[in-house]
Amino acid sequence: MHVTHLSLADFRSYARVEVPLDPGVTAFVGPNGQGKTNLVEAVGYLATLGSHRVSSDAPLVRMGADRAIVRAAVVQGDRQQLVELELNPGKANRARINRSSQVRPRDVLGIVRTVLFAPEDLALVKGDPGERRRFLDELITARSPRMAGVRSDYDRVLKQRNTLLKTAALARRHGGRQMDLSTLDVWDQHLARAGAELLAQRLDLIAALGPLADKAYEQLAPGGGPLGLEYRGSAGAAMATATSREELYEVLLAALGEARRSEIERGVTLVGPHRDDLLLKLGQLPAKGYASHGESWSYALALRLASYELLRAEGNEPVLVLDDVFAELDARRRERLAELVAPGEQVLVTAAVDDDVPDVLAGARYAVSGGTVERADR
Ligand SMILES: Nc1ncnc2c1ncn2[C@@H]1O[C@H](COP(=O)(O)OP(=O)(O)O)[C@@H](O)[C@H]1O
Ligand SMILES: [Mg+2]
């Protein structure tokens, strides 16, 4: 798929901007702080309902405005669609498809699909497990948009179960009435059901992504691998032998049973996908804490390129977004990356100076400066 038009109102630094886009490569070039990333962040928002830079919507709304609108015309094969999101921080966001009546924001997932690589991605390798969980969950949602519903079910159940555990923990500490634990049993089942579905998708994803990441890393840094992607589940070793969703459900349920005493002591859910991690190995060692800056950077990039290859192979080519990445790479890796991505259906690149964009990525150029985005082809 590709985006043929992007339209923003009160998004980040833009009061209004209209950007027509073609398939192939488009580069947004301009000095720092001029609004290049803001543009691609908006495209990413349509694909994930989130920003790669901030965890809440408030910073995305232009200072002084009370809502932002992101709209895109999208072509997939011979189908055209118009998607629109209205961001209302503190209130429910709204969404429309083809100007018709409202749909839930999550119903637009799957229309715009992106793989976005940005300097922030170093946190995939060096950061907390939450970064890697978000990476996995955004990708499973891109592969299968209905997973957005499963994720939100899981989050809701988790929140309610934690509230219950907190109440139980308080009652226990203050010698209050013992809670009826059969209520907890029901929440265990809900958590295990949504959790197993999430787990099954994550495990399936990692199996598919591993070889592609390894290949991408070999292309970027020959001889530097191999990479190893290992899922670290809070449900323990029994997970390793579980293959089906039903088995994962049983494993989660059993692990919740075992953890119940400590959960009631601490008042929080200790088992489930929200406590898991993805171990990224480079050779025999974990990348986190061992890999150099350059290796970590290549690792993160390999994960994104693998994501791109995977989505492409599965039939709906995403837009590839490379935000400010060429300046960070040495000349050889820059050329390799450019060759890898040049044939993509649509590639959006941002760079501070024209020379950072490799020649093989010839395409449309926009100059971004002071809130304006103007065509400036070479
Ligand atoms: N909510 C907002 N309202 C107004 N300006 C914003 C908002 N969020 C970010 N900005 C401005 O956008 C600029 C950064 O834009 P960005 O796209 O990150 O720049 P770059 O071209 O370097 O990628 C900064 O000047 C920042 O002050
Ligand atoms: Mg930027």
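A backbone N or O atom of M63 lies 2.9 Å from a nitrogen atom of ligand 1. The protein covers 70% of the 580 Å² of accessible area that ligand 1 has on its own. The model is a predicted one.

**Ligand 1**

The shell around ligand 1 consists of 15 residues, and the closest of these are G33, K36, T37, N38 and R53. Sorted by class, the shell holds four nonpolar, seven polar and four charged residues. Polar contacts of ligand 1 with M63, G35 and T37 are set out below.

| Residue | Protein atom | Ligand 1 atom | Distance |
|---|---|---|---|
| M63 | backbone N or O | nitrogen | 2.9 Å |
| G35 | polar backbone atom | oxygen | 3.0 Å |
| T37 | side-chain N or O | oxygen | 2.7 Å |

For G35 and M63, the protein atom belongs to the backbone.

**Second largest pocket**

The second largest pocket contains about 160 Å³ of space. Its lining is made up of L203, Y231, G233, G236, A237, M239, A240 and A242. Of these lining residues, six are nonpolar and two are polar, while no charged residue takes part.

**Aromatic rings**

Three aromatic pairs occur in the structure. A pair of aromatic rings is described by the distance of the centres and the angle of the planes. A charge is also placed over a ring: R375 lies over the face of Y366, at 5.5 Å from the ring centre.

Methods
Residues are numbered from 1 along each chain as its sequence is written. Chains are lettered from A and ligands numbered from 1 in the order in which they are written. This is a predicted model: local features need pLDDT of at least 70, side-chain atom pairs count only at pLDDT 80 or more; totals for chains, interfaces and linings use all residues. Side-chain values use heavy atoms; hydrogens and water are left out. Rings of Phe, Tyr and Trp (its six-membered ring) pair if their centres lie within 6.5 Å; planes under 30 degrees apart count as stacked, over 60 as edge-to-face and the rest as tilted. A charge sits over a ring if NZ of Lys or CZ of Arg is within 6 Å of the ring centre and within 35 degrees of the ring normal. On a 1 Å grid over the protein atoms alone, a cavity is a set of points where a 1.4 Å probe fits but cannot get out, and a pocket is an open set with protein on both sides within 12 Å along at least five of seven lines; lining residues have an atom within 4 Å of a point. Grid points are joined across faces, edges and corners, and a volume is the space filled by probe spheres set on the points. Ala, Val, Leu, Ile, Met, Phe, Trp, Tyr, Cys and Pro count as nonpolar, Asp, Glu, Lys and Arg as charged, and the others, Gly among them, as polar. A residue is near a molecule or strand if one of its heavy atoms lies within 4 Å of it. A polar contact is a pair of N or O atoms within 3.5 Å; within protein, one must be able to donate a hydrogen and the other to accept it, and residues adjacent in sequence count only if both atoms are side-chain atoms. Accessible areas come from the Shrake-Rupley method with a 1.4 Å probe; for residues, only the protein chains shown count as cover.
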